[in-house]
Structure formats: C-alpha cells, structure tokens
Amino acid sequence: MLPRPTTQTKYVFVGFAACAALVAIPLALKTTTASNFLPHGFCYLWNPQLLTLHLISDLLIFLSYVAIAGSLAFLVYKGRDHVPFHWMFIAFGIFIIACGFTHLMEVVMIWKPLYWLAGYVKAITAIASVTTAIALSIFVPKIISDAADAASSTKSEERFQTLLDSAPDAMVIVNTNGAIVLVNSQTEKVFGFSKQELLGQKIEMLIPDDFWNISPTAPESFLSDPHVRAMGAGLELFGLRKNGDGFPIEISLSPLKTEEGTLVISAIRDITQRKLGETKLKDQAELLELTNDAIFVRDMNNVIQFWNRGAELRYGWSREEAVGQTSSILQSQFPEPLEEIERKLSITGHWEGEITQTTRQGAKVVVGSRWTLQRNQNGDSKGILQFSNDITERKRAEESLRQSNKDLEKRSLELEDSNKELEAFSYSVSHDLRAPIRQIQGFVKILAEDHGNQLDMRAQHHLTRIEEGATRMAVLIDELLALAQVGRQAVRWQVTGLRALIDEVIADLRPEMQDRNVEWNIGNLPFVDCDPALMKIAIGNLLSNALKYTRPRAKAMIEIGMESGNAGGRQRIFVRDNGVGFNMKHANQLFGVFQRLHRAEDFEGTGIGLATLQRIIQKHGGSVWAYAELDQGATFYFELGTSKD
Amino acid sequence: MNSNRCEILLVEDSSADVELTIHALRKENLVNKIDVARDGEEALDYLFFRGAYSARPIGQPKLILLDLKLPKVSGIEVLREIKNNPTLKTIPIVVMTSSKEDKDVVESYKLGVNSYIQKPLDFDQFRETIRHIGMYWLVINQPPPRILEKPTP
C-alpha cells in the first residue's frame, strides 16, 4: 500500500528544494559575474516586468514539473507491487520532466542564447509527448476496464476482509518475501498489534525468527514452494505478542495465487487454553499411572481406548498392544449375565462386582471391578471406565479361610464326637467300674460278718487289705470323674461372694476338723466373677489340703485373704497354712495328676485334688501357684480372669 | 400276707449286685419273694406276661427296683414303657444305678420315676440304703391298689 502522507509530503519538499538549488546557483553566479546583456531581451520587448513574469512563471513550472515527476517516480518505486500500469506513470514522469526542462531552457535563454540546446530539449519533450499520447490512446480502453476491475476488486477485497474478520483464527496473509499484506481483526486481538503496525512488516514479527530456522516446514522454504498444509499438521510453534509474551500457536499455511503473485494465507490459532487443558489431562493421566489398580476405558464397541500402567501390570499387555483391541482379550467371566450388567449400567451409570479374567500369560485373576458409564454431551453412552483391583489373593485367603473354617467345623464335630465318647466313657466308668468295687467290698463284708469266726487273724488282715484296696480304687474313680467333669463343663459366670463360699466349704469340712484345734483367719474377701459350683470345688480342695497337711500341728492356723492385685488389676487370693509344707524343688509336680509330694501313709490322697483346682482356675482364665518351705507351711495363691477375658 | 405274691421285681444285670441286694433285703426280713429280671427285655416280658412269663400267676410287684444300664432294652426304655402304660403306671419304680449322670436323673424324673437312688459305693452304705428303700416302699408307704388285670401294650 502507499506510504503515509507525512512521508510523501516530506519527499515533495525535498524535491522542490533540490530543484530550487539547481536553478538558484547558476542564477546567482550570473547576477554577480555576467554582463548586463540579455540575448532574449528582445523577445520580452525589453520590458523588465514582462521578463520577470516569464522568468518566475517558467521557473515555477520547471520546479513543479520536477516535483511532480519526483513524486510519481517515488510512487511507482514504492507501490510497484500494487500500482497498476506503473510504466504509464514512468512515461508521464519522463514527459513531465522533459516539459519542465523546456521551461528551464526558456529561463536560461534570457541570459544565454542556447537555442540549439533549447531546441534539442523541446525535441526530446516532443518525442516523450508523442510516445505518451500514442501509448495512452492504445491503453486507455484497458485502463478504463482495469479501473473498473480495480473498483470491483476493492469491493471483493472488502468482502474478503469481512470474511477474514469472521474467521476464528488470526489470519495473516504474506507475500513470498514474507511481508504481511493483510491481517484480520482476530490477528489484532491475538497479537496485540494494530493492522497498521503489521502491514508491510515481516511475518517474523509475529512468529519469531528462530522458528523459521528450526522448522522443517518453515515458511521460508514453504514460501518458495507453497502448498496446502492443514492446521495441526505443522509443528507446535510460538507466537509473540506485542507485549513480548510468547504463546503456543498452531499454524496452517495455504498458498493463494493472485495476479500480484503468490500469497500465503496463514491461519494462526492461539492454543494456550488447549495446551493448559492438555497439560492438566496429562497430569491426570500421570496420576492414573501411579496406581497399581488396573484402569482402562473401552468404547461402546468394546475397543480399548485407554490402558494404564496398572492394567499393563495386571494383565500383561502393554498400552500399545492393548489400545485398539477389544476387551474380549481378557476373557472376563461375570458374576451375572452380561445383558443384566449392561442394563444396570445404562440405568444407573455404575456397576460393580467380581470378575474373573485371564492375563496374557493365561493366568486367572479375580478382580473387584467398578464400572462407570461415560456419556457425551447428548447423554449418549460413549465409553466405559473400568477400575479393577486384584483380589485374587484375597479370594485365595477367603477360600483358605473357608477351608480352614470347614476344617475347624470338621474338627469341632470330631471334638464333639470325642466329647460324646468321653461322656460315654465316663458314664461307663461311673457305672461299670463302681459295680465291681462294691462287689468286692460287699462280699468281703459278708465274708467277715457271716464267716469271720472261721477265719484266723492273718486271713482277717488280708480281708482288711482287700477292702482298703477297693476303697482306694473307689476314691480314685470318684476324683478322676470329678476332674473329667470339671474339664468338659462350661463356666457359668456369676458374681459370687467369696466369703460366703468359703464359709460353706468350711461347714462341709467340719467332719475333718473333729478333735482338732483349728484357727481360721479370714480377711476381707471380694465378690468375684466365677462359676460358684466350680469355685466351691476349687476352694474345697485348697482348704481340705490345708487341713490335711496341718494335721501334725497342735494348733492348725489357716489364713485366707486377699492381696492387692498385680498390674492387671486382678485380685489375688491366698490360703496360708502352718502345715508341713514342701520343698520348692518339687513345686513343678504340685499340680500334676496323680502327682504327690507325700507318702500315702503320712497323708492320704490321690494326687488329683490340686490338678482339679488348677483346671478350674485355668477355666476361669486365671492362674494358681504356691510358695512353701519344708516344715514351714505353704501358701497357695490364685487369680481369676473375668467373663470378659 | 400271701407268700406267693411277688413283692419286689429286681431288674439288674449284675449277678453280684443281685446277690448283694437280696442279701441286704433278706437280712432285714423285709421281703419274702423277690423276682429277678436280668435285662430290660425280660423285665418287660415279665410285666406284660410275655414269653417265658406268659403263664406266670396274675398280679404285679409292689415295687420295681430298676437298674438303668441293662442289656437289650435300657432301664430308661423300660421305665418309659411302664409309665406310659395305663395299667402299669401306678407301680412304684425306684431307679437304683451307679450312674449319677445328670441326664439320667432328669430323664428318669421326666418319665415319672418314683425315686432315684445312686448305689452307694461303700457296701455298708449300700446295705443301709437298701434297707431304707424296703422299709419305706414296702412298709411305710401306702401302696396303690393291686393290679389284677393283664396290661395291654
């Protein structure tokens, strides 16, 4: 387009000044050095006013013609790409300059009679005039039609501009030199430059230089061989805003053949927002990669669209292998018919359940799978997001738990059976073993009573021995039965006052205290959580023991009390006697069945009592132990658990 | 007192216990005639006049001493049959057993036993217990009316 008016005016003045100088210098020389003879004075009737009029007029015409020609030349030079018929302007310029010089010759000839020179100048002017006139007459019709064309092209240019302005992208049209010839208003918005600032400037102003250097699709090379290039097919580029900010753009180039030569239309799209979105999406996708859970997306044709690292690990197919395949590669076995799953999915948008799938290696995996239906803006199903975590191990654990439960059940049944057997056994013991003993005892008695007078002392002593054996056998059976009964009896927890229980036990023991001096010292005793029937047996055994082993003492002293509990807050009960005690090195045998620390001749007993005591205390979640010294008495301690233990 | 009339039916499989029981009862002169059944089936045959007992004289014992652990038909079963029979259910039954299993005690009473005695281990006590039983059920206790009809099973 044309240079700005200010620049143009400047050039006109410079032209005038130059021409004025050209004329003024010889004039000044003339007025100071030449004679007063004026060869052309005759023509001007020697009238100075007339002479001056011609002189000034010719001079001004000359100067104006030069200026006009200079302007035209400048115009043609500057606008050679846009100004049609510039050869015509050149012809006009030559013609005008020639005219100007004929006028200059008129001035010169006032002082110098250079008629030949003036004649040549006129001849040149005539040639230029004739040439111009002939050329004009030939080209006027074309000029007229071109002018009409130009008018219509201005209109279509306007339409084109409107079209450009309506484009969503910044449209920048450059010529093959890379100069901007047209931009749309979107360009102004995107880059921050006004149209005027851009026109005629190099495209690098908007898309920096280094891009053209590194880009294999650089417009420089493209410009020499332009062809259509679609948006996005190019590299990711950066645009430069007026304020210096760079921003990501996408650019598409297409050639436009015009009469003025080939132009390149570039559509430039600011993709800052999209890039941000893509970055966000990429970040989110990276997050999905962090999890070991298998995540994949399939479209409604079951074609896998997304496949995360977890899915790679779980199923064995890499992303590249999986994406594009159908999800049938997983050979999923569903817990319900697939149609039912799809029905639920379409209604609620969700489904979850356990699926058995097959990995690439052929291994079966069980996954807990959650499906989410992805819909597009119209609400149509678009894809399914499957989020699965491996529960194979859990299933295996569950299976093994089920198995061990089954085993446990079986064992518990076996235990029940063996308990029943034990019951039958103890029934059998209580019934069948007692009868023979009574039989022995009975007939020994009958023998002694009915036939005693026929037996000598020795035979009677043997009878006594038989009876003792039978009696001992009976006691053993009774106590073993009691122990067995304690073992299989469930604890019936009840809050029980120990003092009352002990008073009952002591009352029951009264026969054993006959003819003995026994002092009971009973301290404060708590209420405890226990099975009173079992506890009575346990305490009975303890107190009966204490009575038994204090028998050699003139005065038996038995102390029962409570010590402040241990760290667990349990109450500790003790029974202390001044009896014969025992050696602590045998303490480990104390609670064993049939284990005795004294001879039967000294202290009768079966060795079952303390075993029963321990069994009962253990059934209460407690413990029992003893301290003693030979001949210095013994102290038994016990603690009880509670029903909550 | 009709010496032919059976006073006690002793149902006991142990010959020793039969002997000891009879010895104890005789010693106190409490009873003249004791019939013995050695298992549950024999006891029922006796009471229902079946098999070997089909020709026995009419009439039922004043008391049945019943052991629980018996061959063929258990004491509990015998007890059930007797107590479920309208004719026989009035006969007093004393269970005498070595068992003191709770379930036997409970089951016996549920079936309507008149007394449940655990055979004492000690022979003296055993003898004493037998004496008490004979004294109570044959002397002190007012017995039900005599049963002169044959029971229908």
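Trainee: What makes Asp17(B) and Lys119(B) a salt bridge?

Mentor: The closest N and O atoms of Asp17(B) and Lys119(B) are 2.8 Å apart. A salt bridge needs a side-chain nitrogen of Lys or Arg within 4 Å of a carboxyl oxygen of Asp or Glu, so the pair Asp17(B) and Lys119(B) qualifies at 2.8 Å. Keep in mind that this is a predicted model, where local features need pLDDT of at least 70, side-chain atom pairs count only at pLDDT 80 or more, and totals for chains, interfaces and linings use all residues. Residues are numbered from 1 along each chain as its sequence is written, chains are lettered from A and ligands numbered from 1 in the order written, and side-chain values use heavy atoms, leaving out hydrogens and water.

Trainee: Why is this pair said to tie parts of chain B together?

Mentor: Asp17(B) lies in helix H1, whereas Lys119(B) lies in the loop between strand S5 (115-118) and H5, so the bridge joins parts that are 102 residues apart in sequence. Helices (H or I, at least four residues) and strands (E, at least two) are DSSP runs, numbered from the N terminus. Asp17(B) and Lys119(B) are both buried, a word used for under 20% relative accessible area; exposed is over 50%, and partly exposed is in between (1.4 Å probe, protein chains only).

Trainee: How far apart along helix H5 of chain B are Arg131(B) and Glu128(B)?

Mentor: They are 3 residues apart, which means about one helical turn. Their side chains meet in a salt bridge at 3.3 Å, N to O. Elsewhere, salt bridges with shared partners make one network of Lys445(A), Glu449(A), Asp450(A), Lys27(B), Asp124(B) and Arg127(B).

Trainee: What is there between the two chains in terms of salt bridges?

Mentor: The count between chain B and chain A is 5 salt bridges. One of them pairs Glu449(A) with Lys27(B) at 3.3 Å, N to O. On the chain B side, helix H1 (15-27) and helix H5 (123-140) are the elements giving two or more residues to the contact with chain A. H1(B) gives the largest share, 6 residues.

Trainee: How much area is buried between chain B and chain A?

Mentor: About 2,100 Å², with carbon and sulfur atoms giving 53% of it. Buried area is the accessible area (1.4 Å probe) that two parts lose on being put together, summed over both. Of the area that chain B buries against chain A, Lys69(B), Glu101(B) and Leu121(B) supply 32%, more than any other three residues.

Trainee: Which residues have the most contacts inside the largest nonpolar core?

Mentor: They are Trp520(A), Met535(A), Leu543(A) and Phe636(A), in a core of 41 residues. A nonpolar core is a set of buried Ala, Val, Leu, Ile, Met, Phe, Trp, Tyr and Cys residues joined through side-chain atoms within 4.5 Å. Helix H16 (residues 532-549) of chain A provides the largest share, 8 residues. A second, separate core has 27 residues, including Leu44(B) and Ile93(B).

Trainee: Is Val264(A) buried or exposed?

Mentor: Val264(A) has a relative accessible area of 1%, so it is buried. Val264(A) sits in strand S5 (residues 261-270) of chain A.

Trainee: Where in chain A is the pLDDT below 50?

Mentor: Over residues 1-5 of chain A, however, the pLDDT is below 50. It also stays under 50 over residues 213-217 of chain A. Where pLDDT is low, the predicted coordinates should not be read in detail.

Methods: pLDDT is the predictor's confidence in each residue, from 0 to 100. Contact means heavy atoms within 4.5 Å.
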